[in-house]
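Let's take a walk through a protein and look at how its parts meet. Have the sequence and the 3D view ready.

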Amino acid sequence: MWSDLQARYLATQSRNILDLFEADPQRAGDFSVETGDIRFDYSKTNLDSEDRAALIALCDVSGLAARRDAMFAGEKINETECRAVLHTALRNLDGGPVLVDGADVMSEVLDTLQRMGAFTDAVRDGRHAGAGGAITDVVNIGIGGSDLGPAMATLALAPYHDGPRCHYVSNVDGAHISDTLRGLDPKHTLLIVASKTFTTVETMTNARTARAWLTEGGGDPQAQMAAVSTAADLTADFGIPASQVFGFEDWVGGRYSVWGPVGLSLMMAIGKEVFAAFLRGGQAMDMHFRAAAWQENMPVLLAIVGLWHRQVAGHGTRAVLPYDQRLARLPAYLQQLEMESNGKCVAMDGSTLTIPSGPVVWGEPGTNGQHAFYQLIHQGSDVIPCEFLVAAQGHDPALAHHHQLLIANCLAQSEALMRGRSLETATEMMAAQGFTGEERDRQARHRVFAGNRPSTTLIYPRLTPFVLGQIIALYEHRVFVEGVILGLNSFDQWGVELGKELATSLGPVLDGTETTDNKDGSTASLVAFVHRHCD
Ligand code: F6P
């Protein structure tokens, strides 16, 4: 099946996307889909309707419908960890029961959401105060999924902030916590320790440092610490009162956890009602994903475009380019979501994948990226499929002229990637500037753009909480669809374990209680350098 797709790609790769538009005046409509508030346009790719049909056929071949239904039904589809996968239950606000091992989990989910709301209200209106009075700042201490989701969404929803300021500390580099706490008042700061396992060394190291800062500064750790975790025993050992602990179950993966207690800091910033609108956006995308036919199913279409570019065409990376400054953390969020989920070469059945794993995901907001790496996207030797995101409207009517420029730039980039500039046009340009002969031809060659470079555009009316919820759930389901078609388990992350184990074993080597005898020459000499430069 992959070889058929690859043969199809090889036969048509030199075809020009512009010719596809010529041949089909309805192409923009045929290769776009809308659901809820958002529109996904994949017409500026080299797919024709036969390619699309061949890719969509993968959904049935791979048993996608059964797998999707199994996920929503709480079956243990995370087979290597023997867990259900139910982040969707966290946003199932008015849906039916969701069973895990025969028991409905919805009452617990809704109860926790209600407790988060009550705690958030009390912090926001000053009833739950610090040693010095009302809480002015919240510091979320977590890493990976316990950081990226709420940090990304807090920035994305900045126009809705009406609560305490939220800060995020993730890196074990002491610079991160030190720079974050500097300037904050330990009597007015709430620390939220967010860790699914409550054992992650970076988070626990930062949490201990922050707790000492709070205590030494006259704060009240009983009132000013909360925890988000699946490990109630460990949060109690850490000294956090049970009433300020918000639990969740192992069927919520770290990188899928922003919808529940891991979103507590976000809820503090925007309030429980706005947080609920975010959940409803995610729920709307779930309903679409469950009901829409494959050819109208946005997550499926986003996934098949991804598979076409990576597994069929062999493009190694995918650029995510939000023309939305408040989505500045989206590429980092998607790096974890996509690369931790599908960056695997062992299939669910233990066999080795015969096609590439998921791509490298990277990006920066436009227009900043245009002044940094777009040179390579337009004229580098590798084709980099680009995924643009843009809102029709910004949040500030007084700055509408900024927004118009932003949209113009976004649309111009996808057009430029597709259209390119021929040698003939470049030569005419140079001639018009007075160049002649060989110098004109040499100068012209530098100004040629190959064009025919694929991109997609996700466009939405405005970045509201509902829209953000739709976008994040869209990407989650895209990852799921790609994973099912590739035969992967998108919900484990064994690839992060080895480095953690070796970091633990290096502790005694660095503090000198163990030698470097068991280390390779490079590691031993790097440790020796550290020892030479430490007092
Ligand atoms: O190391 C990877 C990882 O397990 C991620 O999957 C997770 O989001 C992150 O670490 C943080 O884990 P925890 O929430 O348990 O601290």
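This is a predicted model: local features need pLDDT of at least 70, side-chain atom pairs count only at pLDDT 80 or more; totals for chains, interfaces and linings use all residues.

Residues are numbered from 1 along each chain as its sequence is written, and side-chain values use heavy atoms, with hydrogens and water left out.

The protein splits into domain 1 (2-61 + 292-419 + 454-490), domain 2 (89-276) and domain 3 (497-534); these bounds come from an automatic or database domain assignment. Between the C-alpha centres of domain 1 and domain 2 there are 32 Å.

Now for where those two meet. Domain 1 puts 25 residues in contact with 19 residues of domain 2 (contact means heavy atoms within 4.5 Å). About 1900 Å² is buried between domain 1 and domain 2, with 65% of that from carbon and sulfur atoms. Buried area here is the accessible area (1.4 Å probe) that two parts lose on being put together, summed over both.

The rule also finds two salt bridges across this interface of domain 1 and domain 2 (a side-chain nitrogen of Lys or Arg within 4 Å of a carboxyl oxygen of Asp or Glu). If you look for the side chains of Glu-476 and Arg-91, you'll find them joined in a salt bridge, at 2.7 Å from N to O.
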